[in-house]
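Dear colleague,

I am passing on the structure below, together with an account of what was found in it. Please look through the sequence and the structure first, and then read the notes that follow.

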Amino acid sequence: MKRVAIVQSNYIPWKGYFDLIAHVDEFILLDEVQYTDRDWRNRNRIKTATGPRWLSIPLRRGPRSQLINETVIADPGWNVVHWRALTHAYRRTAYFDEFAPVLERLYLGCQGERLSEINRHFLEGLCSVLGIRGDLRWSTDYVTTGSKTERLVDLCQKAGAHEYLTGPAARAYLDESLFRRAGIELRWFDYSNYPEYPQLHPPFDHQVSVLDLIFNTGPNAVEHLKIAASGRALR
């Protein structure tokens with residue numbers, strides 16, 4: 001039984017995003033869709049001593065119809081700026097010294113020009129740090145037809161999926177009947193009730209980048225994901 005998820009790429013996303021990757025056999029990045037401003041595609045939140053802070057990758061302005069995989073960065077030095085901000089915010093965490101070298105290499109070695117390439121660079125690097133051996137693919141690896149739900153169903157079929165796993169927000173737009181007709185089981189991922197962990201700056205905030213979890217819990221980070229209790233082995 002092959003399980004697939006299909007999601008737009010995000011920049012250093014929160015722990016739930018990586019939990020979804022860990023729960024599927026193939027994770028498809030759907031980036032040939034319209035880029036949306038003020039979203040998670042090019043930014044995420046970290047914890048600081050003065051409260052949450054956004055880290056945003058600066059982007060060149062494009063047409064309103066611009067796709068995520070067409071979006072280009074505006075400042076090639078953004079990665080140095082972000083690494084300095086992360087160092088300042090997390091240098092006193094329990095596992096900063098242990099994980100800073102690998103994460104610094106991940107940042108300073110990021111030379112991509114397109115947002116999609118940058119996001120995938122971090123997704124693959126952070127999966128490695130977490131011990132998640134996810135199979136990440138571009139949706140463009142497959143030739144698909146249709147729009148909206150039809151396209152998702154077609155992607156699942158081309159990928160050989162028996163199950164499609166998605167977040168609860170998708171209930172607002174998915175046509176569930178198309179999955180039933182295709183013989184693909186539609187399953188909803190539950191992002192609620194994650195355990196808290198020792199976060200450097202209270203009050204606790206779940207809605208921050210997975211980097212917060214890594215710096216604060218180190219090698220135990222994956223134990224704070226639902227995959228740890230699911231009985232599903234990390235591949």
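Helix 5 is followed by Gly-160, a residue whose phi is positive, near 75 degrees. Helices here are DSSP runs of H or I with at least four residues, strands are DSSP runs of E with at least two, and both are numbered from the N terminus.

Before going further, please keep in mind that this is a predicted model, in which local features need pLDDT of at least 70 and side-chain atom pairs count only at pLDDT 80 or more, while totals for chains, interfaces and linings use all residues. Residues are numbered from 1 along each chain as its sequence is written, and side-chain values use heavy atoms, with hydrogens and water left out.

To stay with helix 5 (residues 149-159) for a moment, this helix lies across strand 1, strand 2 and strand 6, and runs at about 140 degrees to strand 1. Angles of this kind run from 0 to 180 degrees between N-to-C directions, and the axes are lines fitted to C-alpha atoms, for helices over the stretch in contact. Helix 5 is mostly covered, since eight of its eleven residues are buried, where buried means under 20% relative accessible area, exposed means over 50%, and partly exposed lies in between (1.4 Å probe, protein chains only). Among the buried residues of helix 5 are Leu-152, Val-153 and Leu-155, and the buried residues of this helix pack against strand 1, strand 2, strand 6 and helix 6 (176-182), with contact taken as heavy atoms within 4.5 Å. Lys-148, in the loop between strand 5 and helix 5, has a positive phi of about 50 degrees although it is not a glycine, and Lys-148 is exposed, with a relative accessible area of 72%.

Five strands form an open sheet in the order 5-2-1-6-7, with parallel pairing, and two strands are said to pair if DSSP finds at least two bridges between them. The edge strands are strand 5 and strand 7 (185-188), each of which pairs on one side only. Neighbouring strands of this sheet are turned by 30 degrees against each other on average, with direction ignored. Helix 1 packs on the sheet, where it touches strand 1, strand 2, strand 5 and strand 6 (163-166), and its direction makes about 125 degrees with that of strand 2.

Strand 2 (residues 26-29) is covered on both faces, with Glu-26 and Ile-28 buried on one side and Phe-27 and Leu-29 buried on the other. Four bridges join strand 2 to strand 1 (residues 3-7), and these two strands run parallel; across this pairing, Ala-5 stands opposite Phe-27. Strand 2 also pairs in the parallel sense with strand 5 (residues 136-138), over three bridges, and there Phe-27 has Leu-136 as its bridge partner, while Leu-29 stands opposite Trp-138.

Strand 1, helix 1 (residues 15-22) and strand 2 together make a right-handed β-α-β unit, where right-handed means that, with the strands pointing away from the viewer, the path from the first strand over the helix to the second runs clockwise. Within helix 1 sits Tyr-17, which counts as buried at 6% relative accessibility. Leaving aside residues up to four places away in sequence, Tyr-17 touches Val-7, Gln-8, Ser-9, Asn-10, Phe-27, Leu-29 and Leu-123.

Turning to the other helices, helix 3 (residues 96-108) and helix 4 (residues 115-130) pack at an angle of about 165 degrees, with their axes 10 Å apart. The two helices are therefore roughly antiparallel to each other, a term that applies to angles over 145 degrees. The residues that make this contact include Phe-99 and Leu-103 of helix 3, and Phe-122 and Leu-126 of helix 4.

Helix 7 (residues 210-217) has eight of its eight residues buried, so this helix is largely enclosed by the rest of the structure. Its buried residues pack against helix 1, strand 3 (43-48), helix 2 (78-90), helix 3 and helix 4. Helix 7 is followed by Gly-218, whose phi is positive, near 60 degrees.

With best regards

Note on methods
Parallel < 35°, antiparallel > 145°, perpendicular 65-115°, else oblique.
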